[in-house]
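Here's a quick tour for anyone opening this structure for the first time. Have a look at the picture, then work through the points below.

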Amino acid sequence: MRVLGDLYHGRVPDGAVYVGRGAPGLRASRYANRHRVGLCRVCQVDHDRAGAVLAYGQELDRQPDAVAAARRELAGADLACWCRPGTGPCHVDVLLLVVAGDDPLTATRKVLGGSAYVQQSLPIVGAGTGGQGG
């Protein structure tokens, strides 16, 4: 679900939970994607949309407390951010799958599909570990 209005007059649709970065009138969510499209202030990588989503999934994977909190706080909620639906992957897509029970890396793989990012950056679970995970 997309935030309505513009950057300076954003409005979250009724019943939705805002999970984006801080903006005028909208407080930053703990579930916002800190990794931006373009030159990222967090990791200094020039991300495209898929790269920013990948970085979000990897970061969320290192935060089990945030995953547990998201499952408690966001279950059954509509989530809103600034991304336009249908224009590519969004961190909300990952977050919805995590809330539904997927681990963050599995959710990221599902959202990004066969993207080259997934092939190069996410470990294959069970690869080289005798099926013990990875």
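The side chains of Asp 102 and Lys 110 are joined by a polar contact of 2.8 Å. This comes from a predicted model, and Asp 102 sits in the loop between α3 and α4. That makes it a handy place to start, with the rest of the chain to follow.

- Asp 102 counts as buried, because its relative accessible area is 18%, and the cut-off for buried is under 20%.
- Setting aside neighbours within four places in sequence, you'll find Asp 102 in contact with Arg 71, Leu 97, Ala 107 and Lys 110.
- Asp 103 caps the N-terminal end of α4, with a side-chain oxygen 3.1 Å from the backbone nitrogen of Leu 105.
- Within α4, the buried residues are Pro 104, Leu 105, Ala 107, Thr 108, Arg 109 and Leu 112.
- After α4 comes Gly 113, and its phi is positive, near 60 degrees.

**Helix α3, one side in**

- In α3 (residues 91-99), the buried residues are His 91, Val 92, Val 94, Leu 95, Val 98 and Val 99.
- These residues are on the same side of α3, because they cover an arc of only 155 degrees around the axis.
- What do the buried residues of α3 pack against? Their partners are α1 (49-61), α2 (64-74), β4 (78-80) and α4 (104-112).
- Just after α3, Gly 101 has a positive phi of about 125 degrees.

**The nonpolar cores**

- The largest nonpolar core has 23 residues, and those touching the most other members are Val 19, Tyr 31, Leu 60, Leu 74, Leu 79 and Leu 95.
- Helices α1, α2, α3 and α4 are the elements that give two or more residues to this core.
- There's also a second, separate core of 6 residues, with Val 12, Ala 16, Ala 23 and Ala 80 among them.
- Back to Leu 74: leaving out residues up to four places away in sequence, Leu 74 touches Val 17, Val 19, Tyr 31, Ala 69, Leu 79, Leu 95 and Val 99.

**A buried asparagine in a loop**

- Asn 33 is in the loop between β1 (16-18) and β2 (38-39).
- Is Asn 33 buried or exposed? Asn 33 counts as buried, because its relative accessibility is 7%.
- A polar atom of the Asn 33 side chain lies 3.1 Å from the backbone oxygen of Ala 52.
- Beyond its neighbours within four places in sequence, Asn 33 is in contact with Arg 21, Ala 52, Val 53, Tyr 56 and His 91.

- How many disulfides does a search of the whole structure find? The search turns up 0.
- Cys 40 is in no disulfide, and the nearest cysteine sulfur, in Cys 43, is 3.6 Å away.
- Cys 40 counts as buried, because its relative accessibility is 0%.
- For Cys 90, the closest cysteine sulfur is in Cys 81 at 3.3 Å, which is too far for a bond.
- Cys 90 is also buried, with a relative accessible area of 8%.

- Most residues other than glycine have a negative phi.
- Gln 44 isn't a glycine, yet its phi is positive, about 60 degrees.
- You'll find Gln 44 in the loop between β2 and β3 (46-47), and it counts as exposed at 54% relative accessibility.

- The protein chain has 5 helices and 4 strands, running β-β-β-α-α-β-α-α-α from the N terminus on.
- Out of 134 residues, 40% count as buried.
- Among contacts in the chain with a separation of 6 or more, 52% are between residues 24 or more positions apart.
- The mean pLDDT of the chain is 82, and 77% of the residues reach 70 or more.
- Among the elements, α2 has the highest mean pLDDT (97), while α5 (residues 116-121) has the lowest (55).
- Over residues 124-134 pLDDT stays under 50, and the model has 9 contacts beyond four places in sequence for this stretch.

Definitions and conventions. Residues are numbered from 1 along each chain as its sequence is written. This is a predicted model: local features need pLDDT of at least 70, side-chain atom pairs count only at pLDDT 80 or more; totals for chains, interfaces and linings use all residues. Side-chain values use heavy atoms; hydrogens and water are left out. Buried means under 20% relative accessible area, exposed over 50%, partly exposed in between (1.4 Å probe, protein chains only). The arc is that of the directions from the helix axis to the C-beta atoms. Contact means heavy atoms within 4.5 Å. A disulfide is a pair of cysteine sulfur atoms within 2.5 Å. A polar contact is a pair of N or O atoms within 3.5 Å; within protein, one must be able to donate a hydrogen and the other to accept it, and residues adjacent in sequence count only if both atoms are side-chain atoms. A nonpolar core is a set of buried Ala, Val, Leu, Ile, Met, Phe, Trp, Tyr and Cys residues joined through side-chain atoms within 4.5 Å. pLDDT is the predictor's confidence in each residue, from 0 to 100.
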